Amino acid sequence: MRFKKAAAVVLASAIAVTAFTGCGNKAADTSNEKTASENAKEGTKKKLTVTTWDNDISPQFRLAVETFQEKYPDVEVEIIDTAANEYNNKLTVMLASGDADPDIIFVKDMGSQLSMQAKGQILNLDEYIKKDNLDMSIYNNTAEKLQIDGSYYTLPYRSDWYVLFYNKDLFDKAGVPYPSNDMTWDEYEDLAGKMTSGEGSEKVFGTHNHIWMGLVCNWALQDGKHTLVADDYSFLKPYYEQALRMQDEGVIQNYATLKTGNLHYTSVFQQQQCAMMPMGTWFIANMIQAQKSGETNFNWGFATIPHPKDVEAGNSVGAVTPIAINAKTDEPDLAWEFVKCATSGQTAEKLAENGMLTAVQNDAIMDKLVSTDGFPKDCKDALTLKGMVFDRPLDKNIEAIRKAIEEEHDLIMIGEQDVDTGLAHMAERVKEVKENNK
């Protein structure tokens, strides 16, 4: 087997290629398609609204819409796009209004589906799945991990995990070997120091940490023993100390500068301001698209994410991007057809051809991915995954917990409080969240 998958996590053992008709994973139901055509003849046109984030810099949502419209050309699909860092807040406001729009919701953070379900804002999909006899095995056990109280409220669309991107040209210029697929975080720090060069506007940082707390906290979760829902956060200390040390030594950009400047990690890497960058596999497609459009013109690659000393290489942290239907939608059946299409093998193949991973994974789809024009040479093995833990567990309090940790993360990284104080505050605030939501 060329791509190993973790049986107890998001990816399970590879399955045989499934035959797909249309966008479903069984014989396509044409009832809605006929209705759409009949409506068009009568001068009316059905419409679906879909929420997305950063749609202009990644093809992931556009391809899902295009695949759906190949089957339903008479349905208008309107994209409601928002910047990634504003998406959850905007979605919360939209759903609180009780409107029928958006019909379809791409869920950015898995935990937010819990709050939407608790508020009755998303549809239970059990009857749709049963009616269409949907083959849930194609999702490699991912769909089951998204269930709430034994029911499906979402289906998995994307599946991503962290890898280490690097600029081959900068490494070649420095005469330094590329990052390996078996590198500890200490070795990564040493390598980042070697790759830091220049001063002022000409400076190239050895690596880049975006402002997400996950770019520090995630590495403490790789062992599978810890989660962000904890009573004691001292297990994060070595990773905060490393991030602050690298910042003080000028190996990574200053956190406060990134925060106040609202600098996106995409521009930092694509403008060759850093030699390496830990980021999710979704960024593969961003880079392929940027090179095809001429926005970037340098050789790049990626390696397996570094690992703690006591964790085997190939264990990463990641997440699933689920898709849901607004409970207030005025087009529930058509919205279901969109969800079914977006999470089908047909869409998975199209996404793979554009450098993107989905929850539907098998050897044939993965081969399409690595054969994509623009996929970096010799990086196939970097996608070998021995295990993956969710960056945010499906816990009813995860969004409130995440917010509390993020606020303390900011204070630690800008130097407003020391690491021990910040971690102690995390524990206090998370305990309060749990007590208030018993």
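The model is predicted: local features need pLDDT of at least 70, side-chain atom pairs count only at pLDDT 80 or more, and totals for chains, interfaces and linings use all residues. Residues are numbered from 1 along each chain as its sequence is written, and side-chain values use heavy atoms, without hydrogens and water.

**Exercise 1.** Find whether Arg-158 is buried or exposed, and do likewise for Asp-160.

Solution. 
- A salt bridge (a side-chain nitrogen of Lys or Arg within 4 Å of a carboxyl oxygen of Asp or Glu) joins the side chains of Arg-158 and Asp-160, at 2.8 Å from N to O.
- Buried means under 20% relative accessible area, exposed over 50%, and partly exposed in between (1.4 Å probe, protein chains only).
- Arg-158 has 0% relative accessibility, so Arg-158 counts as buried.
- Asp-160 has 6%, so Asp-160 is buried too.

**Exercise 2.** State which elements hold Asp-420 and Lys-237.

Solution. 
- The closest N and O atoms of this salt bridge are 3.1 Å apart.
- Asp-420 lies in helix H18 (residues 419–436) and Lys-237 in helix H10, so the pair ties together parts 183 residues apart in sequence.
- Helices (H or I, at least four residues) are DSSP runs, numbered from the N terminus.
- Asp-420 is partly exposed at 46% relative accessibility, and Lys-237 is partly exposed at 28%.

Technical notes. Helices (H or I, at least four residues) and strands (E, at least two) are DSSP runs, numbered from the N terminus.
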